Amino acid sequence: MNILIMNRKYGDVFGGVELMSTCLANEMARKGHQCHLISFDKQDAKILYDLDERIKWHKISDYPVEKQASWSERFARFSKIRKVMKDEKIDIAIGFQDGAFLSLATAALG
């Protein structure tokens, strides 16, 4: 099963949501599932939690996640989420917190 777990940001963050979502991804990978993380991080972001080497982390933003995204950046992010979901043949998508959930739900429409 292909599982996608989304959080707004993983890079350089020690937080509860980041910990729980990486623990979930690690456990799913350990059980043999193909697991993916997706976030609005830039390509050079580094995760602070241990991440199973089988997990693929998709960093889909070229803009700092701390700043409010323009409408063009939001549409670009939705397109990137859709592309990952399609290319990786995602079976289950999980969004942590409202922003990630709404982004996933919107990108998955249609």
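Good morning. I begin with Asn-26, which is found in helix α1. Please bear in mind throughout that the model is predicted.

The side chain of Asn-26 places a polar atom 2.7 Å from the backbone nitrogen of Asp-52. Beyond its neighbours within four places in sequence, Asn-26 is in contact with Asp-50, Leu-51, Asp-52 and Ile-55.

Let me now turn to the helix that carries this residue. Helix α1 comprises residues 16-30, 15 residues in total. From its first C-alpha to its last it reaches 21 Å, close to the 21 Å expected at 1.5 Å a residue. Which residues of α1 are buried? They are Glu-18, Ser-21, Thr-22, Ala-25, Asn-26, Met-28 and Ala-29. These residues cover an arc of only 165° around the axis, and are therefore on the same side of α1. In general, an α-helix has 3.6 residues a turn, so residues three or four places apart point the same way. On the other side of α1, Met-20 and Arg-30 are exposed.

What do the buried residues of α1 pack against? Their partners are β1, residues 2-6, and β2, residues 34-39. After α1 comes Gly-32, with a positive phi near 100°.

β1 and β2 run parallel and are joined by five bridges. Within this pairing, Ile-5 stands opposite Leu-37 in β2. Of the six residues of β2, five are buried, so this strand is largely enclosed by the rest of the structure.

How many disulfides does the structure hold? The number is zero. Cys-23 is in no disulfide, and the nearest cysteine sulfur, that of Cys-35, is 12 Å away. Cys-23 counts as partly exposed, because its relative accessibility is 38%. Cys-35 is buried, with a relative accessible area of 1%; the cut-off for buried is under 20%.

Is Ala-100 buried or exposed? With a relative accessible area of 0%, Ala-100 is buried. Leaving aside neighbours within four places in sequence, Ala-100 is in contact with Met-6, Asn-7, Arg-8 and Gly-95. As for Arg-82, 18 residues away along the chain, its C-alpha atom is separated from that of Ala-100 by 13 Å.

Buried in α3 are Ala-100, Ser-103, Leu-104 and Ala-107. Seen down the axis of α3, these residues fall within an arc of 95°, so they line one face of the helix. The face turned away from that buried side carries Asp-98 and Leu-102, which are exposed.

Against which elements do the buried residues of α3 pack? They pack against β1, against α2, residues 71-87, and against β4, residues 92-95. Strand β1 also receives the buried residues of α1. Finally, α3 is followed by Gly-110, whose phi is positive, near 85°.

Thank you for your attention.

Definitions and conventions
Residues numbered from 1 in each chain as written. Predicted model: local features only at pLDDT ≥ 70, side-chain atom pairs only at ≥ 80, totals over all residues. Heavy atoms only, no water. Helix = DSSP H or I, 4+ residues; strand = E, 2+ residues; numbered from the N terminus. Expected span 1.5 Å × (residues − 1). Buried < 20%, exposed > 50% of the residue type's maximum accessible area, 1.4 Å probe, protein only. Arc of directions from axis to C-beta. Contact = heavy atoms within 4.5 Å. Polar contact = N/O pair within 3.5 Å; in protein donor to acceptor, adjacent residues only side chain to side chain. Disulfide = S-S within 2.5 Å. Pairing = 2+ DSSP bridges.
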